[in-house]
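Visitor: I am new to protein models. Could you walk me through this one?

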Amino acid sequence: MYHMETMRWVGGCLEILDQTLLPGKTEYIRCEHYTTVCEAIRRLSVRGAPAIGAAAAYGLALGAVALRPAGRAEFITAVEQIARDLSATRPTAVNLQWAVDRVLGALRDKKSSNIDILKKTLLTEAHAIYREDLESNRLIGEFGEKLIPQSAAILTHCNAGALATAGIGTALGVIRTAHQAGKSIHVYADETRPLLQGARLTTWELIQDKIPVTLLTDNMAGYLMACGKVDLVIVGADRIAANGDVANKIGTYSVAVLAKEHGLPFYVAAPISTIDLSIAGGQEITIENRDEREVTHFAGQQVAPVGVKVWNPAFDVTPNRLVTAIITDRGVARLPYMETLSVVAGKKHGVC
Ligand code: MRU
C-alpha cells in the first residue's frame, strides 16, 4: 500500500512534507525551530486532524530542545508557552489540543529534575502519538471495511487519507482496507474548494494505490447521486461532539444532506482522539475562518472582483441525525451517539 511519510524526525529536527506543493512536487520542510512547525500547520503544509496533532507534539519536543532553563519549574513554564503557541495555530481539529495536552501531561508526570531527561520525555511521547496513529488507522480500516459491500461506489470529501495521518488514513483507510480485501471499489473524490484537498491529495493517493478514482467538483455531488452512481459516502472528521455532531471540511454538511435525500449511508471515520466528550454538541465547536484570498484567488490568479466581501469558513458541522455511523479505532458507534460514543471512548461500559 502507498505510504509517504507526512513527517519524520531526522537528526534532531522535524521534517514535514509540504502538502501545499502536491501533487507537483514532493518536498520536505526542515523545521529546526518550533515556530516553523507553527507556520507549517497554519499554512496547511501539514494538515488533517491526526497529522496536525502529531506535528504539534513533535513541535513541542523541538521547542524544548532549544531551552536552557535554570531548573525544572522554569523548563515547564517555557514548554507551556510553546504549547500555547502551537495550540493557537488552528482551532477546529481537537487532535491538536489533545496531542499538546498529552505531551504536557507526560512532562508533568515525569518527576525528574534532569532537563535532558525531561526533553527526552517530550520526544518519546511525540513518537508514541505518531506510532499509535498508524495502528489506529489500521483498526479503523478493519472495523470500517465490514460496512463496505462487495462492490461499492464511494463518495468522499476532502482528504482523510495517509497525508492527513501517520498511517493509511481514516476514510481512505477504510477504502484501502476494502480494496485490499478484494472488494470492487470505485471512489468519487470531491475536489474540495477552496484548497482542493480532494483534487490534489485524495486522487493522488488513490492513483498510487491503483484504486479507481474519479474527480468531480463539489457542486456535482448531488447530480452524481441522482444518477445512481453512489452507494455510500465516507468522510473524516476534525472534531466530534459528545452527541455525534461532526465538524469536518467545509462542504461535508451539504454532502450529508444530499446523502439523506438519496437514502445513502453517510459514514464518518475518525480515531478516538477526534472525539471531544467535553462538548455536548456541534454548536460549541470553534470553526476556523481563513484568509479571503483562498476564495478570491485560484492558483495565484485573482478570479473575483477586487474588494468583494468573502466568507471563508474552513469547516462545517454535520448534525448527528445525518450520520449513519461513526467508525473509530475502538469500534463502530451508531445513534444515539450520546450513549454509544462514551462507550467506544472507554468512558462507559457496554457494547456498541
Ligand atoms: O483543512 P484541512 O485540510 O486540515 O481539513 C482536513 C479535513 O477536514 C479532514 O477531513 C479531517 O481533518 C480528517 S483527516 C483524517
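**Ligand and loops**

Guide: Pro 336 is placed in the loop between β16 (331-333) and α11 (337-344). The model is predicted.

Visitor: Is the peptide bond from Leu 335 to Pro 336 cis or trans?

Guide: Most peptide bonds are trans. The omega value decides this one. From Leu 335 to Pro 336, omega is near 0°, and the bond is cis.

Visitor: Is phi of Cys 158 positive or negative?

Guide: First, find Cys 158 in the loop between β4 (151-156) and α6 (171-180). Most residues other than glycine have a negative phi. Cys 158 has phi near 65°, which is positive.

Visitor: Now the ligand. Which residues come nearest to the ligand?

Guide: There are 18 residues around the ligand. Five of them come nearest: Arg 47, Arg 90, Asp 238, Asn 248 and Lys 249.

Visitor: How do the residues of the shell divide into nonpolar, polar and charged?

Guide: Sort the shell residues by type. The charged ones number 4 and the polar ones 6. The nonpolar residues number 8.

Visitor: How far is a polar side-chain atom of Arg 47 from an oxygen atom of the ligand?

Guide: A polar backbone atom of Ala 49 is 2.9 Å from a ligand oxygen. An N or O atom in the side chain of Asp 238 is 2.8 Å from a ligand oxygen. For the polar side-chain atom of Arg 47, the distance is 2.6 Å.

Visitor: What share of the ligand's exposed area does the protein bury?

Guide: The ligand sits in the largest cavity. Taken alone, the ligand exposes 410 Å². The protein buries 99% of that.

Visitor: Why does the ligand lie between domain 1 and domain 2?

Guide: Look at who gives residues to the shell. The ligand lies between the domains because both give residues to the shell around it. They are domain 1 (7-137) and domain 2 (142-345).

Note on methods:
Residues are numbered from 1 along each chain as its sequence is written. This is a predicted model: local features need pLDDT of at least 70, side-chain atom pairs count only at pLDDT 80 or more; totals for chains, interfaces and linings use all residues. Side-chain values use heavy atoms; hydrogens and water are left out. A residue is near a molecule or strand if one of its heavy atoms lies within 4 Å of it. A polar contact is a pair of N or O atoms within 3.5 Å; within protein, one must be able to donate a hydrogen and the other to accept it, and residues adjacent in sequence count only if both atoms are side-chain atoms. Accessible areas come from the Shrake-Rupley method with a 1.4 Å probe; for residues, only the protein chains shown count as cover. On a 1 Å grid over the protein atoms alone, a cavity is a set of points where a 1.4 Å probe fits but cannot get out, and a pocket is an open set with protein on both sides within 12 Å along at least five of seven lines; lining residues have an atom within 4 Å of a point. A molecule sits in a cavity or pocket if more than half of its atoms lie within 2 Å of its grid points. Ala, Val, Leu, Ile, Met, Phe, Trp, Tyr, Cys and Pro count as nonpolar, Asp, Glu, Lys and Arg as charged, and the others, Gly among them, as polar. Domain bounds come from an automatic or database domain assignment. Helices (H or I, at least four residues) and strands (E, at least two) are DSSP runs, numbered from the N terminus.
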